[in-house]
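Visitor: I've got a model up on the screen and I'd like to talk it through. Could you take me around it?

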Amino acid sequence: MSEKLCLTRDEIKALTRSPQKARQLSFLRQNGIRHYIDGNGWPVVLRAAVGAVEHAPPAKTEEWWSNALGPRPR
């Protein structure tokens with residue numbers, strides 16, 4: 001699983017198929033991809049915005065057991 005929160009500039013370049021920040025921003029707006037603009041004017045895209053997050057399997061939980069029934073059988 002990737003440890004990074006945001007896409008790299010190279011990944012954004014590949015996603016938008018453009019190295020120019022104005023065209024990248026235009027692509028992101030037209031396609032409804034949530035993004036932010038950093039202090040230098042470059043787009044910042046969270047991995048979750050493009051579905052690049054790997055999900056862990058759900059944790060195993062025990063079935064509910066009332067305390068009134070006494071200790072849970074093991």
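Predicted model: local features only at pLDDT ≥ 70, side-chain atom pairs only at ≥ 80, totals over all residues.

Here is our chat, question by question.

Visitor: What share of the 74 residues is buried?

Guide: To count as buried, a residue needs a relative accessible area under 20%. Going by that cut-off, the buried share of the 74 residues is 16%.

Visitor: Which residues make up the largest nonpolar core?

Guide: That core has five residues. One of them is Leu7, and leucine 7 also has contacts with Leu15, Arg47 and Val50, leaving aside neighbours within four places in sequence.

Visitor: Helix α2 covers residues 21-30, so where do its buried residues lie around the axis?

Guide: The buried residues of α2 are Gln24, Leu25 and Leu28. An α-helix has 3.6 residues a turn, so residues three or four places apart point the same way. Seen down the axis of α2, the buried residues fall within an arc of 95°, so they line one face of the helix.

Visitor: And which residues are exposed on the other side of α2?

Guide: The buried residues of α2 pack against α1, β1 and β2. Over on the other side, the exposed ones are Ala22, Arg23 and Gln30.

Visitor: Which residue just after α2 takes a positive phi?

Guide: Step just past the end of α2 and look at the backbone there. The phi is about 65°, and the residue is glycine 32.

Visitor: Now for charges: how many salt bridges are there?

Guide: Side chains of opposite charge can pair when their charged atoms come close. The cut-off for a salt bridge here is a nitrogen within 4 Å of a carboxyl oxygen. By that rule, the count is three.

Visitor: Aspartate 38 forms a salt bridge with arginine 9, so how far apart in sequence are the parts it ties together?

Guide: The closest N and O atoms of aspartate 38 and arginine 9 are 3.9 Å apart. Aspartate 38 sits in the loop between β1 (36-37) and β2 (43-44), while arginine 9 is in helix α1 (residues 9-16), so the pair ties together parts separated by 29 residues.

Visitor: Is arginine 47 buried or exposed?

Guide: You'll find arginine 47 in the segment after β2. Its side chain meets that of glutamate 11 in a salt bridge at 3.0 Å, N to O, and the pair links parts of the chain 36 residues apart. Glutamate 11 counts as partly exposed at 32% relative accessibility. Arginine 47 comes out at 11%, and since the cut-off is under 20%, arginine 47 counts as buried.

Visitor: Last one: how much of the accessible surface belongs to carbon and sulfur atoms?

Guide: The accessible surface of the protein comes to about 6400 Å². The part belonging to carbon and sulfur atoms is 54%.

Terms used
Residues numbered from 1 in each chain as written. Heavy atoms only, no water. Core = buried A, V, L, I, M, F, W, Y, C linked by side-chain atoms within 4.5 Å. Buried < 20%, exposed > 50% of the residue type's maximum accessible area, 1.4 Å probe, protein only. Contact = heavy atoms within 4.5 Å. Helix = DSSP H or I, 4+ residues; strand = E, 2+ residues; numbered from the N terminus. Arc of directions from axis to C-beta. Areas by Shrake-Rupley, 256 points an atom, 1.4 Å probe, with all protein chains shown as cover.
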